[in-house]
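The following paragraphs go through the nonpolar cores of a protein chain and then through its salt bridges. Please keep the structure open while reading.

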Amino acid sequence: MKKIIAILLVLGLCGCSGAQLRQEILGISIADVKNSKTRQTQQYDISSDVCVAKIKEMLSDMKAIVRENTKQKFIVADNLQGSFRSSIDTTQVGILVTAWEADKSQVDVASGNADLAAFVSKKISEKLKGPDQSQALKEEQQAIK
């Protein structure tokens, strides 16, 4: 019992807020992404399935560790320090993809590091809106249907 109290005391004094501490222990959640004051939100004219596939491909190219909740189209990535220098290996990015029409999606990106969220959001935008991507994305959408 004394050990538990000592651990709680140390954690309480470490300077982290309750939400930050929970994120460090359990990871970033969908609610953290939806409620983040620094989240990056963008809409794309592609289906959510294609959107998720392209985002995972991009994160893989960045050598990120990716975990996905396929049912909720929620991706958590960390280990991005190879692509983003102001990141440590445990800094997480949460990415939530929401379909709002058949071929339209919204992507919300959030992280405890606002600059990292902006960087990942920009990379996603480049991947999904790049000048050479529009025709390829439409073809992929047709293939999925």
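The largest nonpolar core has 25 residues, and I55, L59, I95, V107, V120 and I124 touch the most other members. A nonpolar core here is a set of buried Ala, Val, Leu, Ile, Met, Phe, Trp, Tyr and Cys residues joined through side-chain atoms within 4.5 Å. Buried stands for under 20% relative accessible area, exposed for over 50%, and partly exposed for the range in between, with a 1.4 Å probe and protein chains only. Two or more residues of this core come from each of helix 4 (48-61), strand 3 (74-78), strand 4 (93-101), strand 5 (104-111) and helix 5 (114-129). These elements are DSSP runs numbered from the N terminus: helices are H or I with at least four residues, strands E with at least two.

The model is predicted; local features need pLDDT of at least 70, side-chain atom pairs count only at pLDDT 80 or more, and totals for chains, interfaces and linings use all residues. Residues are numbered from 1 along each chain as its sequence is written, and side-chain values use heavy atoms, with hydrogens and water left out.

Which residues does I55 touch? Not counting residues up to four places away in sequence, I55 touches I75, I95, V97, V107 and I124, where contact means heavy atoms within 4.5 Å. A second core, separate and made of five residues, includes V33, F74, L96 and A110.

The charged side chains come next. The structure holds eight salt bridges, each a side-chain nitrogen of Lys or Arg within 4 Å of a carboxyl oxygen of Asp or Glu. One of them joins R39 to D108, with the closest N and O atoms 3.5 Å apart. This pair links distant parts of the chain, 69 residues apart: R39 is in the loop between helix 3 (30-35) and strand 1 (40-44), and D108 is in strand 5. R39 is partly exposed at 35% relative accessibility, whereas D108 is buried at 5%.

Another salt bridge pairs D49 with K73, at 2.7 Å from N to O. Because D49 lies in helix 4 and K73 in the loop between strand 2 (65-69) and strand 3, the pair ties together parts that are 24 residues apart in sequence. D49 is partly exposed, with a relative accessible area of 41%.

Within helix 5, K123 and E126 are three residues apart, so about one helical turn separates them. Their side chains meet in a salt bridge of 3.8 Å, N to O. K123 is partly exposed at 31%, and E126 is partly exposed at 41%. Salt bridges with shared partners join K122, K123 and E126 into one network.
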